[in-house]
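Please find below a colleague's note on the side-chain packing of this model.

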Amino acid sequence: MSQHYQVLIIGGGNAGISVAAQLLRKRSNLEIAIIEPSDKHYYQPAWTLVGAGVFNIHDTIRSESSVMPDKVKWIRDAAESFQPEINQVTTKSGAEITYDYLIVAPGIQLNWKDIEGLKQTLGRNGVTSNYSVDYATYTYECLQQLKPGQTALFTSPGTAVKCGGAPQKIMYLAADYLRKHGLQGKVNVEFVTAGGVIFGIKKYADELMKKVNEYGIKLNFKHDLVAVNGDQKTATFKVVDGEGVVSMVEKHFDMIHVVPPQSAPDFVKASPLADAGGWVEVDKFTLQHTRYKNIFGIGDAMSAPNSKTGAAVRKQAPVVVKNLLALIDGQQMPAAYSGYGSCPLVVGYGKLILAEFGYDNKVMETFPFDQSKPRWSMWILKRYILPWLYWNKILKGTA
């Protein structure tokens, strides 16, 4: 069964829905289809707060049909392969869908299987992750069960991840929870990360280090989680020392919050659209594919070296929309993406550092005060304002 659309979008997450809605606001006669297998749509930025017991998981879930723009054809299927030389996408069910223009926005893939033993124990034995809708509430259960003398580990992989700050946010909230319950210094809290620094921008890193010291958190850099044994409560890390020598280190835990390694989806990696790293290869400013001029990439699966966050998508969507419409009209592309990303770093209950930056780690703050300082007002932004904006403005193309 063949179908043809003027604009075909892969992925009905934040990026796909936002772009479709904005395109239709600018040009209501466009024929647009979105290929998206899931019947649920998630507001993932709140899962950190779910894990800390201050947000209801059910408030982060809506039906996909409720966010799909009215004039868009929703193809409930999964994209499986690309044939860009004939402007075609083949789906899992075998449908061949052709397009004039393609926007690739499938999001990032969570590779749970890359950590040995993780799948078998996730959601029990104190092994949890806010990166899944299934386990964010279990994170809070684990937190409430910590007792004096026990250890809580918080990991971060060596791959790109969506929301680079999320591995730390839940750790600061956990440490603050322990402080509030008289357990600071009695429960060991450790950050075990494959990275070499706490944060890539000094201005924010300095403030985060103050929090690390205030909570008494132990930092372990160049530690990449490779295996978890839930029954024995051990986690194995591949450690690289200053000389580049690799060794394996085993750590005991009573609670471990795991951030899985992440990559572009397999069907993207295996496609002609991918660069050497497997990401959709785009010009980092125009977001147009470097080889196939009628294809654009947006969101977590594309190759631009920006932070993979919903805030980045918010700035990318208007760029894709303007440039795609210019391409349709045979004009020069007017818009350029600055690499903007935002990381609302929750550093405790009611405390948030709003890191905002673009390409080359250029600080790009919105508000007329020093956003590296933890503020209650920024917590209110994350807890109440951003979720409302997401459902009511961003997904409707009016943000």
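The numbered points below follow that order.

1. The model is predicted: local features need pLDDT of at least 70, side-chain atom pairs count only at pLDDT 80 or more, and totals for chains, interfaces and linings use all residues. Residues are numbered from 1 along each chain as its sequence is written, and side-chain values use heavy atoms, with hydrogens and water left out.

2. Beyond four places in sequence, Leu23 is in contact (heavy atoms within 4.5 Å) with residues including Val7, Ile103 and Leu325.

3. Aromatic pairs (ring centres of Phe, Tyr and Trp, the last by its six-membered ring, within 6.5 Å; stacked under 30 degrees between planes, edge-to-face over 60, tilted for the rest) number 11. Phe82 and Phe267 are stacked, at 5.8 Å centre to centre and 25° between the planes. These two residues are 185 residues apart.

4. Phe285 and Tyr359 form an edge-to-face pair, with 5.8 Å between centres and 90° between planes. Phe285 is partly exposed at 40%, whereas Tyr359 is buried at 7%.

5. Lys284 lies over the face of Tyr359, at 4.6 Å from the ring centre (the criterion is NZ of Lys or CZ of Arg within 6 Å of the ring centre and within 35 degrees of the ring normal). Lys315 lies over the face of Tyr340, at 5.2 Å.

Technical notes: Helix = DSSP H or I, 4+ residues; strand = E, 2+ residues; numbered from the N terminus. Buried < 20%, exposed > 50% of the residue type's maximum accessible area, 1.4 Å probe, protein only.
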